[in-house]
Every structure is written in C-alpha cells, then in structure tokens.
Amino acid sequence: MTTSPGRKTLRELTIEPGTGKALELRRGQVLRIEQTSGRQCADFNCFNLHDYKEFFHTGRTRHLHGLHPTKGDFLWSAPPRERPMMAIIEDTVGTNDVLYPRCSGFLFEHHYGLAVHTNCHDIQAEAQREFGLTPDDVHDSFNFFMHTGVDAAGHPFIAKNAAGRGDYVELLALMDVLAVPNVCGADVMMTSDFELKPLKLLVFEGTDQDWSRVSEPPRLRNQRSPSDFRIKNIKVDRELYRDASYRPEFTNVPLQISELAVKLTGKELEWIEQLKSTGKYGETDAEVLRYAFFTWWIGKFMHGPKHAAPT
Amino acid sequence: MSLASHDARLKNAGMTTMTESTVRLRLNQQQLELIDNSIEAGESGNREELIRRALREFAATHLSAAANGKKS
C-alpha cells in the first residue's frame with residue numbers, strides 16, 4: 001500500500017469527531033494529519049516512547065519558532081530535555097498555533113454552561129490511557145490548522161479556519177515517540193468553523209528525501225537526561241513531604257559581584273550622557289553602559305531569536 | 001547621519017566636551033564569563049576594550065537614529 005511517491009505507507013486510519021488516537025512512531029517514520037473535508041483543527045501531543053517524562057512543550061517551541069510554527073520548524077521537548085522530538089517537513093496551509101492552551105471540560109462548562117462536552121484535554125487523556133497515562137499527563141497541544149493571531153492590544157484571537165479538503169501537515173519523528181493527534185472537540189468556537197469533521201492519519205516509512213528537509217538541530221550539554229538528575233527515579237506517590245537530608249545546590253551560587261572599571265574618553269562620556277537623556281537605557285552612567293554592552297552583544301552574537309526590544 | 005557628524009552638530013550647538021572619567025560596572029562571574037569568552041574568540045584585546053567597542057557601536061546606531069529623527 002503506497003499513497004505517497006517513494007514512501008511505504010505503514011498505517012492509515014481516520015479519527016472521528018470527539019476522538020483521538022495514540023500512535024507509536026519509530027524514529028524516521030512520518031505522520032501525516034490530513035483534512036477530510038477541511039476547516040478542522042487537530043490538537044497534537046507527543047511523548048518520548050521510552051520515557052514519558054520527556055514530552056512536547058509549547059513554551060520552548062513558541063520561543064524558538066514563534067506563535068505559528070510551520071514547515072522547517074521542530075516540536076521541542078520541555079526543559080531540561082529540550083530536544084527536537086519531531087520536525088514539520090510539510091504544511092500545506094501554514095496556520096498552526098502554539099499560543100492557545102488545549103480546550104477542556106472546565107472551559108465549556110465555564111464559558112458555555114455545557115458540563116459534558118467534547119474537549120481536547122479529555123480526548124487526549126482518553127487516547128493516552130491506552131498507554132497507561134493519566135489525565136495529569138496531558139500537556140498543552142500543538143494546534144495544527146488552528147488559525148490564530150494577536151490583536152493590537154495583545155489579546156489572542158481565533159480566526160476562520162483556512163484548511164481545505166486534502167490539506168495536510170507531515171511530522172518526521174526524530175526519536176521514537178508516542179504521537180497523539182485528536183479531532184479538536186470545540187464545535188461551539190471558531191476553531192473548526194463550528195463543525196467537527198474526521199481527520200485522516202497516515203504513517204509512512206520516512207525516506208532520505210524526508211530527512212533532507214530537516215535542518216541540523218543543536219546538540220548541547222544542557223539537553224539533559226535523567227542520568228543528569230540528582231533524583232533519577234520518578235516520584236510514585238502524590239503526597240509531598242520534605243527530604244530532611246536536602247541541601248541546596250543551586251547553579252553558580254553564590255553569585256559573586258565584582259567591579260569592572262572602564263576608563264572612558266570625554267567623547268564616550270558624551271555618548272552616555274546623550275543615551276541617558278533619552279530615559280530609555282538607564283539612570284546612571286554604569287546602567288547605560290551595561291545596557292549598551294549587553295544589547296550590543298545580543299544583537300551581534302546571540303544565537304536564536306533575539307529577546308531584547310528593538311531600541 | 002554618522003556619529004562623527006552627530007558629534008560635530010553637538011559641538012556646533014555649543015555643548016561642552018566632557019573630560020575623561022572611569023565608569024565602574026558591577027558584574028557577576030557569569031557576565032564576566034561572557035565577556036571573557038568574547039575576548040577569547042578574538043573580538044577584543046581585553047575587557048575594557050570590548051566594553052568601549054560595544055558603547056561605540058551602540059552609540060553609532062542609536063544616537064545616529066535619534067539624530068535623524070527615527071524611532072530608536
């Protein structure tokens with residue numbers, strides 16, 4: 001069975017409204033999430049198949065790729081792992097969201113007065129239950145085909161779904177994962193144009209061409225694993241109680257402050273005075289000089305998205 | 001407008017030139033590590049030189065933009 005040139009199809013199924021499916025994907029396999037009739041949001045989560053404590057993290061993904069990740073971007077795991085778990089190798093629409101949290105039972109009860117209603121948290125939980133995970137293990141979703149934005153006042157909004165029949169996204173597994181797509185349960189929101197539709201799922205064996213679409217991700221010392229943890233085992237009871245033998249071991253503490261004397265010429269002091277007069281960079285010469293140095297350094301040398309304001 | 005012409009404009013406007021002085025930055029060991037790494041990478045000869053380079057380039061961008069009436 002082959003439905004994509006050069007690729008072997010391993011699995012093909014349809015998930016109906018109100019449902020989702022947990023799928024084991026091995027490194028190198030590709031998951032396609034495809035519209036059957038269009039305008040349907042797909043919530044998605046994934047876990048390291050061999051350690052469920054490593055899971056997709058909207059926060060790191062949003063930080064590295066912005067609010068609308070698309071083709072060429074990665075789905076990152078949470079700190080302290082922070083590894084690319086899957087790569088988006090195709091996206092025929094380009095309207096994805098990692099800003100909104102998953103919809104939940106609480107949300108429909110609170111906003112709409114509907115106490116029993118399809119929602120992405122419960123759908124994810126039910127699909128994940130097949131692999132022994134609990135509702136507490138559900139994490140915020142990658143919302144594929146969810147068309148969103150942020151207005152001038154900084155408030156997020158949901159726009160009309162732009163996905164058409166046959167549109168799809170493809171995710172290449174960069175590690176063995178449990179991938180959990182679901183049909184978003186929000187039928188009384190704009191998310192899926194007020195109608196829930198099935199989604200088609202296909203799993204392919206990835207090809208060299210698929211791998212060629214993935215850029216080399218960073219490999220750093222701080223992408224940690226449980227072997228780096230001081231407590232290596234997963235806590236198995238719910239109660240929290242103090243470890244009497246605990247001694248704090250915070251990184252680089254105590255922080256040692258020292259003075260760095262910088263002799264400035266009259267001209268350089270004039271620049272500082274001018275910068276200070278704008279009121280934007282600090283109140284003292286030292287504050288302005290420190291601001292100038294670090295924002296200069298960020299602009300010139302920092303990797304990844306710049307966090308300093310464009311002043 | 002270049003930083004030099006910006007300075008010349010200030011001079012023509014009758015602003016006095018300030019004399020040499022020392023500014024003391026309070027930095028922790030992590031911040032100094034970043035500075036030292038930049039020096040090791042060949043960006044400057046020493047800490048003071050690197051800070052002054054940053055100020056020069058920062059001022060060139062921000063004061064020129066301000067002098068040209070751009071939002072800075």
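How many Å separate the centres of domain 1 of chain A and domain 2 of chain A, taken over C-alpha atoms? The answer is 44 Å, and the views below take you around this predicted model. Residues are numbered from 1 along each chain as its sequence is written, while chains are lettered from A and ligands numbered from 1 in the order in which they are written. Because this is a predicted model, local features need pLDDT of at least 70 and side-chain atom pairs count only at pLDDT 80 or more, whereas totals for chains, interfaces and linings use all residues.

**View 1. Chain A and its two domains.** The domain assignment gives domain 1 (8-217) and domain 2 (266-301) of chain A; such bounds come from an automatic or database domain assignment. Along the principal axes, the C-alpha atoms of chain A fill a box of roughly 75 × 50 × 50 Å. Chain A has six helices and 14 strands. Here helices (H or I, at least four residues) and strands (E, at least two) are DSSP runs, numbered from the N terminus. Of its 311 residues, 38% count as buried. A residue is buried if 20 or more other C-beta atoms, placed from the backbone, lie within 10 Å of its own; it is exposed if 12 or fewer do, and partly exposed in between.

**View 2. An open sheet in chain A.** Six strands line up here in the order β1-β13-β3-β11-β7-β6, with antiparallel pairing. Two strands pair if DSSP finds at least two bridges between them. At the edges you will find β1 (8-15) and β6 (74-76) of chain A, each pairing on one side only. Look also at strand β3 (residues 29-35) and strand β13 (residues 199-205) of chain A: seven bridges join these antiparallel strands. One pair to find is A:Gln29 with its bridge partner A:Glu205 in β13(A).

View 3. Why does A:Leu171 count as buried? It does so because 27 other C-beta atoms lie within 10 Å. Leaving aside residues up to four places away in sequence, A:Leu171 touches A:Val30, A:Leu31, A:Met86, A:Ala87 and A:Ile88. Touching, or being in contact, means that the C-beta atoms of two residues, placed from the backbone, lie within 7 Å. A:Glu90 is 81 residues away from A:Leu171 along the chain, yet 7.3 Å separate their C-alpha atoms.

**View 4. Chain B on its own.** From the N terminus on, its elements run α-β-α-α. Buried residues make up 18% of the 72 residues in chain B.

**View 5. Where chain B touches chain A.** The contact takes 31 residues from chain B and 33 residues from chain A. On the side of chain B, the elements giving two or more residues are α1 (3-12), β1 (21-28), α2 (29-40) and α3 (47-67). Of these, α3(B) gives the most, with twelve residues.

View 6. Strand β14 (residues 257-264) of chain A runs antiparallel to β1(B), and eight bridges join the two. Within this pairing, look for A:Glu259, which stands opposite B:Arg26 in β1(B).
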